[in-house]
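Visitor: I am new to this structure. Please take one part of it and give me a close look, then show me the rest around it.

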Amino acid sequence: MPLPDPALLARKAEIVRALRRIVPGEGVVSEPVELIPFESDALSAYRQAPMAVVLPETTAQVSAVLAWCQANGVKVVPRGAGTSLSGGALPLADGIVVGLSKFNRVLEVDYVNRCAVVQPGVTNLGITAAVETQGFYYAPDPSSQIACTIGGNVAENSGGVHCLKYGLTTNNLLGCELVLMSGEVVRIGGKTLDVDGYDLLGIITGSEGLLGVVTEVTVRILPKPAAQRALLLGFPSVEAAGACVGDIIAAGIIPAGLEMMDQPAVRAAEAFVGCGYPVDSAALLICELDGSEAECDELAGHVRLLAAQRGADVVRVSTSDAERQAFWAGRKAAFPAVGRLASGYLCMDGTIPRARLPHVLSETYRMAGTYGLAVVNVFHAGDGNLHPLILYDVDSPDELERAEALGADILKLCVAVGGVLTGEHGVGVEKRDLMGEMFDPTDLACQQRLKCAFDPGLLLNPGKVFPTLHRCAELGRMHVHHGKLAFPDLPRF
């Protein structure tokens, strides 16, 4: 094993001393064994220990940490609960991690304005827990909602099974407090549905920690619907289930959730949870409707008819809330359930037009066969957000390489049929080198100019999202071409 670089050790010691002056007590983690839990996020195939981890408790401490890091050229990776599936919180060997786990309080619940003000370390499900006694809830519900935090939801623009009707994080976010790399604290939005000026809140949401560190979030809360009905629909083929998804939306029905699982996913979930799934069906749809009792009854009848026309061989309608939750239990546990099928899997994330579901699913299975790997499909069918789970042996570097190559081909296919590289997991390091499939050099340069406006030193989460990171001064000298027009040099940030 090579000896540590003395210069690097001295640099680390300097950084740790400075951080401990800003965040005293147990606020800095620096011993090698203590850094192990921070080496990766949920994309565990990639690992890297940071120089140190700092765990601030106040916005003032975050501000001081970032200001010192900018003044001393230290790279910073923001981290929430570490549930990112795209390597968005992967540390840097020559940088620090700013963990927001101690920002875990619900600061205010305003039922009159139907919103809650929370710190970024509050879990997604924790927001609902704080307001459900008054008949309210927070709509976005990623499968990891028991663990993932709202700050990470903002960074990745997370969704969940109910995003079809109620939207992603961006549709449920009203405001945030953001600390820039300079240490400046800014507030964007508030308790109103819209504010004047540029949509800076839209820029921050889904920015993957490249623009600032979120220290407070204001979200919409919604009253629970009067009634909820879930349908469990089994089909003899994946193609039939995919076609039924399009039929439901084309009929003008917007379910609260419309999820799909193929047979391997159904069988894994049933073995894991025992929720009564039809294990002989080739594919399963879970369709949830909400509203008044009369509306749910009416729409359930329409969905049953549409499913029958596509050859559904299993149709169950929940008759109680307990049964409805049982339908969802297997879907919510599908990812850990599939984890029992292999020592590792890559969870991909691409979005396609709903009409292309049958074609893309068929192609995915075909490509998987070519690579000699198994793929399990569990995804948000209503909005075409695919989550193919590619199984591989973690002890086989060759299998990991093949899994990554297959994942790249699936995402390229998503773009080719008119879709996008990601729906809710973000780009991170996983899809970074595929950005050229969607964006040309001019597009990427414009996006990087935006980053330069927030982080001119390129110290916040570098190495993520952009396949080639240009210096801000270099971007200021580049020409941008659009059609036949050539714009002059843009000003430097």
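Guide: Ala374 touches Leu389, Ile390 and Leu391, leaving aside residues up to four places away in sequence. Touching here means contact, that is, heavy atoms within 4.5 Å. Ala374 sits in the loop between α13 (357-371) and β18 (375-379). Helices are DSSP runs of H or I with at least four residues, strands are runs of E with at least two, and both are numbered from the N terminus. Ala374 is partly exposed, at 42% relative accessibility. The scale runs like this: buried is under 20% relative accessible area, exposed is over 50%, and partly exposed is in between, with a 1.4 Å probe and protein chains only. From Ala374 to Ala139 the gap is 235 residues in sequence and 33 Å in space, C-alpha to C-alpha.

A word on the source. This is a predicted model, where local features need pLDDT of at least 70, side-chain atom pairs count only at pLDDT 80 or more, and totals for chains, interfaces and linings use all residues. Residues are numbered from 1 along each chain as its sequence is written, and side-chain values use heavy atoms, with hydrogens and water left out.

Now step back to the whole chain. It holds 16 helices and 22 strands. Its radius of gyration is 23 Å, close to the 23 Å that the globule rule gives for 493 residues, so the chain is as compact as a globular protein of that length. That radius is taken over C-alpha atoms, and the rule is 2.2 Å times the number of residues to the power 0.38. The C-alpha trace spans about 65 × 55 × 55 Å along its principal axes. Of the 493 residues, 53% count as buried. Take the contacts between residues at least 6 apart in sequence: 71% of them join residues at least 24 apart.

Next, the aromatic rings. The whole structure has two aromatic pairs. Rings of Phe, Tyr and Trp (its six-membered ring) pair if their centres lie within 6.5 Å; planes under 30 degrees apart are stacked, over 60 edge-to-face, and the rest tilted. Tyr111 and Phe136 make a tilted pair, 5.3 Å centre to centre with 50° between the planes. Tyr111 lies in the loop between β5 (106-110) and β6 (115-118), and Phe136 in strand β7 (residues 136-137), so the pair ties together parts 25 residues apart in sequence. Tyr111 is partly exposed at 30%. Phe136 is buried at 12%. Tyr137 and Tyr166 make an edge-to-face pair, 6.4 Å centre to centre with 85° between the planes. Tyr137 is in strand β7 and Tyr166 in helix α6 (residues 163-166), 29 residues apart. Tyr137 is buried, at 15%.

Helix α4 (residues 124-131) has its own buried set: Asn124, Gly126, Ile127, Thr128 and Val131. These residues pack against β5, β6, β7, α5 (150-156) and β10 (213-220).

Last, the backbone. Most residues other than glycine have a negative phi. Glu208 has a positive phi of about 60° although it is not a glycine. Glu208 lies in the loop between α7 (200-204) and β10, and is buried at 8%. Leu458 also has a positive phi, about 55°, and is not a glycine. Leu458 lies in the loop between α15 (441-454) and α16 (472-476). Its relative accessible area is 12%, so Leu458 is buried.
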